[in-house]
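Visitor: I've got a structure open and I'd like to learn how to read it. Can you walk me through it, one feature at a time?

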Amino acid sequence: MGIQRGHQAHPVEWLAEKGIFLISLTAILMVFLIFAFVTREAVPLLLGQMNSAARQAVIPAADMDKTPPEQLRAYLGLTSDQFAAMDHDTKQLLMEAKVDAGKEASDDKDAAVNTTGWRYLFEPYQWTGYDRPAYIWQPVSTIKKYNLVPLIVGSIKATLVALLFAVPLSLGAAIYVSQLARPRVKEVIKPTIELLSGIPSVVVGFFALIVMATVLQRLLGYESRLNAFVAGIALGFAIIPVVFSIAEDSLTSVPRSYTQAALALGASRWQAAWQVVLPAAIPGVFAAVVLGFGRAMGETMIVLLASGNASILSWNLLDSARTITATIAAEMGEVVEGGAHYRILFLIGAMLFVVTFFSNMLAALVMDRLKKRLEGKT
Amino acid sequence: MSAPATIDFRSKVFRYGSFFFTGLTGAATYLILAILAVILVNVVLHGWPGLSWRFVSTIPKKDIFDPATTGILPMIVGTSIRVILMTNFVVPVGVITAVYLTEYAPNTSWLTQIIRAAVNNLAGVPSVVFGLFGLGFFINFVGKNLDWVLHNGQKAWGQPSLIWASLTLAVMTLPVVIVATEEALKAVPPGLREASLALGATKLETILKIVLPQALPGILTGGILAVSRAAGEVAPILFTGVAYYMSSLPTHLTDQFMDLGYHVFVLSTQSPNIDRTQPILYATVLVLLILTFALNIVAILIRSNMRRKMRSLH
């Protein structure tokens, strides 16, 4: 062939193309890195290498030089960097401190329990002083209790309230804007509703804490001012733009011919919207709800400010609640790096990532199939 | 209700029903708008009196809760710097990814699908997980290893700082830039590309000299939206660089910084006397809102202007 093609004809062009391609892989790389590095910090926990028992087997300080370095490092609870950077005397001091702590550890039967075991994370356990098995999250105490159930229930409660509040409103608005409103009204309303997503979540949380909590309490007269209900409504504000724009998008993507046919048969605009367009777009509405669910589960500052943050297990919406996200945000600053508490926070972070990952995938898949189907029919 | 075949669409019940339900959906719409309005009006009314030149230009000495002497200069500076740094990372990567997706990528290839899925997923990752990622990857992995290489293990990069917070935010806002840029690139009429190619320009030349300049307003929109989103985010910077209090402005990439959004959180929850600090809290919220909201409105105006132009071109 006499014509030069590809990198021979335009080497710079060829290089640039490859560069562009490589950079475009960043998004994939990032999703992978997020999963890998959030999980990485939780790995020792998953492998059962953490021991959070208050009372642990003590190695006498005199035996320090006999102990293999790796075992010593694990015993002192240090990362390899810290261990390498520490001189002999400091280690000796740490050993002695450990021995003292061992003497002081309480005689409580729970002191010997490694509270990071799976059954303590998810199943109820009867701790000393409790009259029946309970789900307890109490990471800062002599016996560290890491039961995740209260946090999961807290997240679900707030999310449910948010969905119950936001979905009907957003769906109503989506139907109105896409089907019933005049075009000029639509052009103003749509971006304005989307402006709601421009309010930072810390501001929505602040508004819920300072204004809404007081107003709602005065109206409804419940006991604790900050609770899952207040947080859920505020969360609803945050997910309205998400649910609205996906629902509106899928309703708009239903071909005009559907509506025109219904109108020609004598239906009113409302009937056409409700009985023809909405059923055609229902997978999109489902996708909107799933996406809203993912957002609400992952929202942090609103629940941190407005939910009251008491980690008690209760399905009552009017009790103070603590969510997974708020727990991470509130406690990460105070944990020892590499400790059990630190790793548990990463573990629930990874759980959160997985949940939102799958809800995102599901929503995207449903939207994709809907669009293809509707376009195929046009 | 009886079987569909017996419904008379013209019956009075249906006429009134239609009217009623149209009203109901309209009410839902206006309720959402009302919520937006109430939040904005509340913040503006309570925040405006507390806003003064002294307030926005003062570096607070020790007591950040004293309304008479405190200020928010370091927070404004901190938020601005981290957002500007972030823009430098996210815009090039985001624009190049969008160029690949619209100009080069074969639409049906599985790799393209995976890139799109990744962008989509990145947009839905909870902000606090980005914070954990910043801590686990940028600080504990990249930073600590940098310290071993450059400083022989002394802490310089392996701790929360401006650079790590900005990078974390850049990862978070990547989808915003990609999606906006893609939209802008798609809006460039194919005829322009064809004309350029027909005149002998290469594909790269066409993209650099014809397509990108045409799409500039859209790319700008993406950048602005990313900035506005990042400026208000608090959760991703909680563990990656924000400081509760600093007596001076940050001067180096490895410095920590104060932040407007985080300051709102601090004033809301840590204040010893909430009634006394309320005015400065509202004023801080107002400044944050002006920053994020003004940017958002600018982005929306550019975008709607662009859409109108696009419609006239096609």
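Visitor: Among contacts in chain A between residues at least 6 apart in sequence, what percentage join residues at least 24 apart?

Guide: Keep in mind that this is a predicted model. The idea is to ask how far along the chain the partners of a contact sit. In chain A, 77% of the contacts between residues at least 6 apart join residues at least 24 apart. For chain B, the figure on that basis is 76%.

Visitor: What about secondary structure? How many helices and strands are there in chain A?

Guide: Count the elements, then read them in order. Chain A has 17 helices and two strands. Chain B has ten helices and zero strands, so its run from the N terminus is simply α-α-α-α-α-α-α-α-α-α.

Visitor: Is chain B compact or spread out?

Guide: Compare its radius of gyration with what a globule rule gives for that number of residues. Chain B comes out at 25 Å, well over the 20 Å from the rule for 314 residues, so this chain is more spread out than a compact globule. Along the principal axes, its C-alpha trace spans about 75 × 65 × 40 Å.

Visitor: And burial? What share of chain A counts as buried?

Guide: Here you count C-beta neighbours around each residue. Of the 378 residues in chain A, 44% are buried, and for the 314 residues of chain B the share is 45%.

Visitor: How many residues of helix α9 of chain B are buried?

Guide: For a single element, go through its residues in turn. Nine of the ten residues in α9(B), residues 260-269, are buried, so this helix is largely enclosed by the rest of the structure. Among them are B:Y262, B:H263 and B:F265.

Visitor: Since we're in α12(A), at what angle do the axes of α12(A) and α14(A) cross?

Guide: Two things to read for a helix pair: how close the axes come, and how they are turned. The axes of α12(A), residues 228-252, and α14(A), residues 269-298, come within 8 Å and cross at roughly 150°. Angles over 145 degrees count as roughly antiparallel, and therefore these two helices do too. Their crossing is right-handed. On the α12(A) side, the contact includes A:L235, A:I239 and A:V242, and on the α14(A) side A:V277, A:A281 and A:V285. By type, the contact has 16 nonpolar, three polar and two charged residues.

Visitor: Last one: how many residues of chain A are in contact with chain B?

Guide: For an interface, count the residues on each side, then look at what they are. Here, 71 residues of chain A meet 71 of chain B. Helix α3 of chain A, residues 26-40, gives the most to the chain A side, with ten residues. That side has 49 nonpolar, 17 polar and five charged residues.

Methods: Residues are numbered from 1 along each chain as its sequence is written. Chains are lettered from A and ligands numbered from 1 in the order in which they are written. This is a predicted model: local features need pLDDT of at least 70, side-chain atom pairs count only at pLDDT 80 or more; totals for chains, interfaces and linings use all residues. Helices (H or I, at least four residues) and strands (E, at least two) are DSSP runs, numbered from the N terminus. The radius of gyration is taken over C-alpha atoms; the globule rule is 2.2 Å times the number of residues to the power 0.38. A residue is buried if 20 or more other C-beta atoms lie within 10 Å of its own, exposed if 12 or fewer, and partly exposed in between; C-beta atoms are placed from the backbone. Two residues are in contact if their C-beta atoms, placed from the backbone, lie within 7 Å. Ala, Val, Leu, Ile, Met, Phe, Trp, Tyr, Cys and Pro count as nonpolar, Asp, Glu, Lys and Arg as charged, and the others, Gly among them, as polar. Axes are lines fitted to C-alpha atoms, for helices over the stretch in contact, and angles run from 0 to 180 degrees between N-to-C directions. Angles under 35 degrees count as roughly parallel, over 145 as roughly antiparallel, 65 to 115 as roughly perpendicular and the rest as oblique. A crossing is left-handed if the near helix is turned anticlockwise from the far one by less than a right angle, and right-handed if clockwise.
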